[in-house]
Each structure stands twice: as structure tokens, then as C-alpha cells.
Amino acid sequence: MKKVSFITAMMAMLTMATIPAFAQEDKGFKKIDVREDFTENGFQWFHDAELLAAGNKEKSNAMTIGWGGIGTLWGRTALTVYVAEKRYTKEFMDQAEYFTVMTFPVEHSKVLRYMGTKSGRDGDKAAALGLHTAFTPNGTPYYTEADMVIECKIMYAAPFDPQYFKSDVPKNMYAHFPAGLHSMYIGEVVNAWEKRNRKSFLTKAHFAEK
């Protein structure tokens, strides 16, 4: 009897352990390999509007972003994002091990507009929009209304240092930018999912950061 109980308990534990890995599929997502399945123009992708999220099951926040980079670094598939000093999301990024970057279908353009013009310090932006927060197997937040979710593990994070600005481009940018200097977060892409019926990214949407 004890042996049967032990086996039953082990099977239950294994079953529970496999649930998170397939949780995204239950929400209409399929797992993809960005090295083979990501076909967007990397020079244009961040000109469109994406959503950056970080946090945990207790508390999280997201913001609209328009800066970033994708490619290879240190032999890893990498994605880089930037968050300004005074943004509420920076508190979550500085404590996070992982973050997600999401895209949304055209019918959810209001999500990016709202997330880019409202601050999470003033209330739960996801709740205000009626978004459904879910979590990757690593516990990273994302919204089920997204049509693509890329999860990254932070490899490097540091603020810009003005002494290393080599042209007037960043100097002029920060001379009139009240949110302060940006910090750079370089993440290794560890997971990616997209909706099975995904058609395209939002195009040429420009929103402020919050």
C-alpha cells in the first residue's frame, strides 16, 4: 500500500511539474525558435510598438517601448531593451531575473497607447485594460492578449554613462529628456511563443514610455 502511495505521489508531482511548460499552449500560443521562426526585420521591429514586462506573481508592471535590439552576443541569442531612470518599470527590471517583450494584434492597439501614457505608480494598468496576466514556467509575467511573447534572462544591466557619449546624438537627447538616463538590459532569449492565428505586428505605432 505504501509503495502504491509513493508511486501515486511521484506521478502527481511529475504531472504538476509538466503543467507550466504547456500553459501557454492552453492560451492559444505555440512555442517557436526565434533563430528559425522570427522573420521580422530586426532594423524595423523596435520602430513598431512592443510591450516590456517584469515582476512576479505578487506584483508586476509593463511599459510600451520603442527602443531595442536583437541579434547575437556572447554566443547567445540576445535581445536588448532600455528603460529610463524614472520609469516605474525600472524598479521591476532591476530586481528581475527575467523579462518578457510582447507584441499585440491591431485590435489591441489601445493597450500600447495606454501602457505608454499611464504610469503603474498610479494604479494597475493591466487591470484597467482588462488584460489577463499569466506567467511563463520561469514565473515571468505576460498578457494572454499578446500575439507574441519573448522571454529573456538578463545577462547584463547598466545605466548609460555620459562620459562615454561619443557624439551629440545622445547628448542632445538627454539634454531635454525629463525621465533621466536609460539603463541597458541585455537578455538571452530563453523562450518564445506566438499565437497560432497571429497575422502581423502593429505597424508604425509610436507611444511614449512609462
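This is a conversation about a predicted model of a protein.

Visitor: How many helices and strands does the protein have?
Guide: The model, which is predicted, has six helices and ten strands.

Visitor: And how much of the protein counts as buried?
Guide: Of its 210 residues, 43% are buried. The protein exposes about 11,900 Å², and 54% of that area comes from carbon and sulfur atoms.

Visitor: What share of the contacts is between residues 24 or more positions apart?
Guide: Among contacts with a separation of 6 or more, such pairs account for 76%.

Visitor: Which residues have the most contacts inside the largest nonpolar core?
Guide: They are Leu 52, Leu 79, Val 81, Met 93, Phe 99 and Ile 150, in a core of 24 residues. At least two residues of this core come from each of β2, β3, β5, α3, β6, β9 and β10.

Visitor: Which of those supplies the largest share?
Guide: Strand β9 does, with four residues. Another core, of 19 residues, lies apart from this one and includes Phe 104, Leu 112, Tyr 143 and Trp 193.

Visitor: Let us stay with β9. How many bridges join β9 to β10?
Guide: Eleven bridges join them, and the two strands run antiparallel.

Visitor: What about β6 and β9: in which sense do they pair?
Guide: β6 and β9 pair in the antiparallel sense, over six bridges. Thr 103 has Met 148 of β9 as its bridge partner.

Visitor: Changing topic, which residues of helix α4 are buried?
Guide: In α4, which covers residues 109-117, the buried ones are Val 111, Leu 112, Met 115 and Gly 116. They lie on the same side of the helix, because they cover an arc of only 115 degrees around its axis.

Visitor: Why would residues three or four places apart point the same way?
Guide: An α-helix has 3.6 residues a turn, so residues at that spacing point the same way.

Visitor: What covers the buried residues of α4?
Guide: The cover includes strands β2, β3 and β8 together with helix α5.

Visitor: Is Lys 90 buried or exposed?
Guide: Lys 90 counts as buried, because its relative accessibility is 15% and the cut-off is under 20%. Lys 90 belongs to helix α3. Beyond neighbours within four places in sequence, its contacts are Val 83, Ala 84, Glu 85, Ser 183 and Tyr 185.

Visitor: How many salt bridges does the structure hold?
Guide: The structure holds six salt bridges. One of them joins the side chains of Lys 30 and Glu 194, at 3.8 Å from N to O. Lys 30 is in β1 and Glu 194 in β10, so this pair ties together parts that are 164 residues apart in sequence.

Visitor: How do Lys 30 and Glu 194 count for accessibility?
Guide: Lys 30 is partly exposed at 30% relative accessibility, whereas Glu 194 is buried at 13%.

Visitor: Which residue forms a salt bridge with Lys 153?
Guide: Glu 97 does, with the closest N and O atoms 3.5 Å apart. Lys 153 lies in β9 and Glu 97 in the loop between α3 and β6, so parts 56 residues apart in sequence are tied together.

Visitor: One last point: where is Trp 74?
Guide: Trp 74 sits in the loop between β4 and β5. Although Trp 74 is not a glycine, it has a positive phi of about 55 degrees. Trp 74 is also exposed, at 54% relative accessible area.

Definitions and conventions: Residues numbered from 1 in each chain as written. Predicted model: local features only at pLDDT ≥ 70, side-chain atom pairs only at ≥ 80, totals over all residues. Heavy atoms only, no water. Buried < 20%, exposed > 50% of the residue type's maximum accessible area, 1.4 Å probe, protein only. Arc of directions from axis to C-beta. Contact = heavy atoms within 4.5 Å. Areas by Shrake-Rupley, 256 points an atom, 1.4 Å probe, with all protein chains shown as cover. Core = buried A, V, L, I, M, F, W, Y, C linked by side-chain atoms within 4.5 Å. Pairing = 2+ DSSP bridges. Salt bridge = Lys/Arg side-chain N within 4 Å of Asp/Glu carboxyl O.
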